[in-house]
Amino acid sequence: DMLGGLIVLNDKRLTEKLRFIQKSVGAILSPFEAWMCLRGIKTLALRMARHDVNAMEVAAFLHIQRKIKKVHYPGLVSHPQHHLATKQMRGFGGMIAFDLGSLQKAKKFLKSVRLCALAESLGGVETLISHPATMTHASVPLEERQRIGVTDGLVRLSVGIEDVEDITADLKQALAKV
């Protein structure tokens, strides 16, 4: 609902300089934005818990799909950092990446989803899907993308708080078209 930020400094001179700029240009949250922040914080824990539960179920669903080459989600035992994640995290979050094996398959899949909205954004309550190779990492040279694991078939999913059966049904129908 809103976007805000914070700057923390340990340099008094720079702090005073930034404080002057902030007051001069009015770079502070408006009362409405502050209210939106407070309103959102009240339900943050509930939303994060639902993201986490939904993502675990979606990751498990994707993991057993034959058309998917690999699923990247720390909640899956098959993830190389699963043991570390269980020590460091209370939940595994709402972000999943999976590889369909080719650009052609990824594009067909992305055109077929209905519930999952194609977007580069994160953190919304709705399920968002993106194709890093042509969106967030499009400016990264192919060899570098491949080196860091951003293949042409990689799809990123920010799992929302919708009914998880609706999410998996959408993914299932889109996979059937690949």
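The model is predicted: local features need pLDDT of at least 70, side-chain atom pairs count only at pLDDT 80 or more, and totals for chains, interfaces and linings use all residues. Residues are numbered from 1 along each chain as its sequence is written, and side-chain values use heavy atoms, with hydrogens and water left out.

The chain contains 6 helices and 5 strands, where helices (H or I, at least four residues) and strands (E, at least two) are DSSP runs numbered from the N terminus. Their order from the N terminus is α-α-β-α-β-α-β-β-α-β-α.

| Property of the chain | Value |
|---|---|
| Span of the C-alpha trace along its principal axes | about 60 × 40 × 35 Å |
| Share of the 178 residues that count as buried | 33% |
| Share of contacts with a separation of 6 or more that join residues 24 or more positions apart | 66% |

Buried means under 20% relative accessible area, exposed over 50%, and partly exposed in between (1.4 Å probe, protein chains only). A contact means heavy atoms within 4.5 Å.

One residue may be considered in detail. His51 belongs to helix α2 (residues 31–63). With a relative accessible area of 7%, His51 is buried. Leaving aside residues up to four places away in sequence, His51 touches Gly93, Gly94, Gly124, Val125, Val159, Gly160 and Ile161.
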